[in-house]
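Hi,

Here is the structure I promised to pass on to you. Could you open it next to this email and follow along as you read?

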Amino acid sequence: MNFNDAKNEILQVLSKTERQHLPKLLEWLKTSDDLDDFLVDNQSVILQSIAEDLRVCLPLEAMAPSEAMAIQKKPHPTVHVDAFLYDEEAVDSLCEEGKMSRNYCLNCGSHRTAPLEFISHSFSIPELQFLFHNVLPDLSGKLVVDVGSRLGAVLFGGYLYSAASQLVGVEISSEFVKLQTMAVEKYGFSDRIQVIHADIRSQSALVQNTDVLIMNNVFEYFMEPSDQMQAWLFISQNFRKKGALLVTVPSVQETLASLQDAVFLETLALSQWIEEVPLDYTVYLKNDTDPDSLKQIHLYRVL
């Protein structure tokens, strides 16, 4: 059915609807979640296409061969599932196919199980929409830097959902740099996106000029505590532009909870460096959005 035929069909349905029920039908058309699958925006389609391209280049856990994960030291069994590549529906399908599990066995061979802790180092597409539409202000003329840009989800989301003049990803893994560069070139994003293969601690000039710095589970799972402290001190000493914005997942306080070193915390002087900006997490709650995942996103302003 082409556009004109579909339009005429809809108009006929409306014309045949009893007058007292017409307002209710029109309100349903405007607000119902039942139509979400038909109202996918073009930007989301592009992001889904990028995710499909990247999925075939990576193993299921979306880990690069060179990555060493401190995640293995966590007492609670944890599995990495990249939220940009696999949404909840995809994870459910993989579990049904036996390729993934949401639980682990407490006693091998028994039926005693407990839920696995899932961790993602990428934003999902709904989280990217929430980030650029509801968390961050107008980014016209702004420089956005993603620390540990990984697969480039923040860069691609920022390109499609914001007017940021430049989006820079700093990624230490050469494998991920190649994947991001491939997507940037394929989708024509090179006019505003740049990917740098480096440790963020070597990029002082870039960080000093940044307007929005984004950090999604970037240090805790990949660095020893001493390196984490060095990285945070570097960020706090160089990201000092007054009014600049810091986005973290999870909160800074939760991230630093395991780094209870008195000298480090005193030097970091968190309360003198940044202040948290309250967010309304209910403003973006579609039927495919996990409210708990949105609550992991925190925004801070440099004092």
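This is a predicted model: local features need pLDDT of at least 70, side-chain atom pairs count only at pLDDT 80 or more; totals for chains, interfaces and linings use all residues.

Val184 counts as buried, at 7% relative accessibility (buried means under 20% relative accessible area, exposed over 50%, and partly exposed in between, worked out with a 1.4 Å probe and protein chains only). You'll find Val184 in helix H7. Helices (H or I, at least four residues) and strands (E, at least two) are DSSP runs, numbered from the N terminus.

Residues are numbered from 1 along each chain as its sequence is written, and side-chain values use heavy atoms, with hydrogens and water left out.

**Salt bridges**

A salt bridge here is a side-chain nitrogen of Lys or Arg within 4 Å of a carboxyl oxygen of Asp or Glu. By this rule, the count comes to five salt bridges.

Let's take Asp53 and Lys186, a salt-bridged pair whose closest N and O atoms are 2.9 Å apart. Asp53 sits in helix H3 (residues 42-55) and Lys186 in helix H7 (residues 174-186), so this pair ties together parts that are 133 residues apart in sequence. How covered up are the two partners? Asp53 is partly exposed, with a relative accessible area of 22%, while Lys186 is exposed at 55%.

Another one to click on is Glu275 with Arg301, a salt bridge with an N to O distance of 3.1 Å. It also links distant parts of the chain: Glu275 is in strand E10 (residues 274-277) and Arg301 is in strand E11 (residues 298-302), 26 residues apart. Glu275 is partly exposed at 36% relative accessible area, and Arg301 is partly exposed at 33%.

The axes here are lines fitted to C-alpha atoms, for helices over the stretch in contact, and angles run from 0 to 180 degrees between N-to-C directions. For the wording, angles under 35 degrees count as roughly parallel, over 145 as roughly antiparallel, 65 to 115 as roughly perpendicular, and the rest as oblique.

H3 and H6 pack at an angle of about 160°, with their axes 10 Å apart. That makes H3 roughly antiparallel to H6. With helix H5 (residues 125-135), the axis of H3 comes within 11 Å and crosses at roughly 135°. That makes H3 oblique to H5.

What about handedness? H3 passes H6 in a right-handed crossing, and H3 passes H5 in a right-handed crossing as well. A crossing is left-handed if the near helix is turned anticlockwise from the far one by less than a right angle, and right-handed if clockwise.

Most residues other than glycine have a negative phi, and most peptide bonds are trans. So which spots here are worth a look?

- Arg150 is not a glycine, yet has a positive phi of about 55°. Arg150 lies in the loop between strand E5 (143-147) and helix H6 (153-161), and is buried, at 4% relative accessible area.
- Ala269, also not a glycine, has a positive phi of about 45°. Look for Ala269 in the loop between helix H11 (262-268) and helix H12 (270-273).
- The peptide bond from Val249 to Pro250 is cis, with omega near -5°. Pro250 is in the loop between strand E9 (245-249) and helix H10 (252-256).

**A nonpolar patch**

Leu29, in helix H2 (residues 22-31), is partly exposed at 36% relative accessibility. Together with Leu26 and Trp28, Leu29 forms a nonpolar patch with about 250 Å² of accessible area. Patches are made of residues with over 30% relative accessible area and no salt bridge, where like charges are joined within 9 Å and nonpolar side chains (Val, Leu, Ile, Met, Phe, Trp, Tyr) within 5 Å. Accessible areas come from the Shrake-Rupley method with a 1.4 Å probe, and for residues only the protein chains shown count as cover.

Cheers
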